[in-house]
Amino acid sequence: MEQSAGFTNLGATELNRLYASLKETYGEYKRRNMKLDMSRGKPCPEQLALSKEMLDILSSNDLLKAEDGSDCLNYGGIDGIPEAKRLFSQMMNVSENEVMIGGNASLNMMFDALSRAMLHGVYGSEVPWGKLPKVKFLCPSPGYDRHFSICEQLQIEMITVDMLQHGPDMDMVEKLAREDDSIKGIWCVPKYSNPDGITYSDETVDRLARMHTEASDFTIFWDDAYTVHHLTNEPDPLKNILAACKTAGHPNRVYMFCSTSKITFPGSGVAALASSEANVSHIRKQISAQTIGPDKINQLRHVRFLQNIDHIHAHMKKHADIIKPKFDMVLHKLETALGGKNIAWWNKPNGGYFISLNTLDDCAAEVVQMAAEAGVTLTKAGATFPYGKDPRNRNIRIAPTFPSLEELEAAIDILCLCIQLVSIKKLQVQR
């Protein structure tokens, strides 16, 4: 959101007086010795309780077989039971033949997929990526820090691409991918992006699907983590990337990922990968050396609890009823404390798990440090950019879901106080 007036209109005396008053309030907060954590986007206990009945949905008396007759207690089914594929096909709007089921974390499936690409290439690769002089990935930023960690772990060079209101800067994406064959892919969180809460426009999806890339095996890593995580009754629409790639003549260009981590239990969810049938067949052969089968009991438990896409939407409405008041409170406090002061700007997401806030340039790291000294732990400044380096040192990721409303209120009050103090210091130096 843009502000038109603010602290810049105050004279030096007014700024000094305001700073002294805010500093006194900050000292009072420090003396409380609070410990408030907003560093990760975790479901709160009330959200986890929504799925506890799933733990009782299977018993030793049940016939623990998948619908194809396979025994879920035994080996086999390396790519998932049929009913789990059907459930995820509904979530991801793809064919059941285009789905593979994994373990509890989509992050694990993404790491494995990129690791296999480094060892063997992807379907259609002429050379394993790891044997090339250099491999690069485009990284829309602010973005998901764990995507960047995967690249660092695998020694893949990251190129920062600005996030705009409708997705990544596609002019830059197209230019870079067209000119450099060492650019092998792009990370995308296309719906309610982490942390900006942006949903890609139809035009962005189409441009990603049809763009010319110098690398013939360029691959989109499409992390649709928040596909059903709406906060309002009017969710953002997202065009289907796999269908768009098929239409554009690049059917094997995308790997889609999602999971139930923030639908049921983060520590015991089910993850899935969707792609073209050719890609899925290729991956199935590769992972046959890695596993004899994932946890089919957990898949069966989830299918019987979540049932179908309509039931998932009803379940997610219960999640929204718990966390939307937290988002609303944070946004209200930001507006009340910072609105009109021209020192901070933030998004108003329709879903997902985060609120992205930008300070004045070169202020975020000091704000995060000051908040920590007052007892509020935030995601490290810079974490939403490759190599942990925000070029403008301004982005702060707010994760409202885990704390209680009372804890969250205190944490945001402290954050807003720190933003004002650091901003005044910056303005005083500039003068």
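The legends below describe views of a predicted model of one protein chain.

Local features are given at pLDDT of at least 70 and side-chain atom pairs only at pLDDT 80 or more, while totals for chains, interfaces and linings use all residues. Residues are numbered from 1 along each chain as its sequence is written, and side-chain values use heavy atoms, with hydrogens and water left out.

**View 1. Overall fold of the protein chain.** The chain contains 13 helices and 13 strands, taken as DSSP runs (helices H or I, at least four residues; strands E, at least two) and numbered from the N terminus. Its radius of gyration, taken over C-alpha atoms, is 23 Å, close to the 22 Å from the globule rule for 431 residues, so the chain is as compact as a globular protein of that length. The globule rule is 2.2 Å times the number of residues to the power 0.38. The C-alpha trace spans about 75 × 55 × 35 Å along its principal axes. Of the contacts (heavy atoms within 4.5 Å) between residues at least 6 apart in sequence, 76% join residues at least 24 apart.

View 2. Buried residues account for 56% of the 431 residues; buried means under 20% relative accessible area, exposed over 50% and partly exposed in between, with a 1.4 Å probe and protein chains only. The chain exposes about 18700 Å², of which carbon and sulfur atoms supply 48%, by the Shrake-Rupley method with a 1.4 Å probe. The mean positions of the 47 positive and 53 negative charges lie 4 Å apart. Lys and Arg count as positive and Asp and Glu as negative, without His or the chain ends, and the charges are placed at NZ of Lys, CZ of Arg, CG of Asp or CD of Glu.

**View 3. The aromatic pair Phe 137 and Trp 187.** Rings of Phe, Tyr and Trp (its six-membered ring) pair if their centres lie within 6.5 Å; planes under 30 degrees apart are stacked, over 60 edge-to-face and the rest tilted. This rule gives nine aromatic pairs. Phe 137 and Trp 187 form a tilted one, 5.8 Å centre to centre with 50° between the planes. Phe 137 belongs to strand β3 (residues 136-141) and Trp 187 to strand β6 (residues 183-188), so the pair ties together parts 50 residues apart in sequence. Phe 137 is buried at 0% relative accessibility, and Trp 187 is buried at 2%.

**View 4. Surroundings of Thr 227.** Thr 227 sits in the loop between β7 (219-223) and α8 (241-247). Thr 227 is buried, with a relative accessible area of 11%. Apart from neighbours within four places in sequence, Thr 227 contacts Met 91 and Lys 191.
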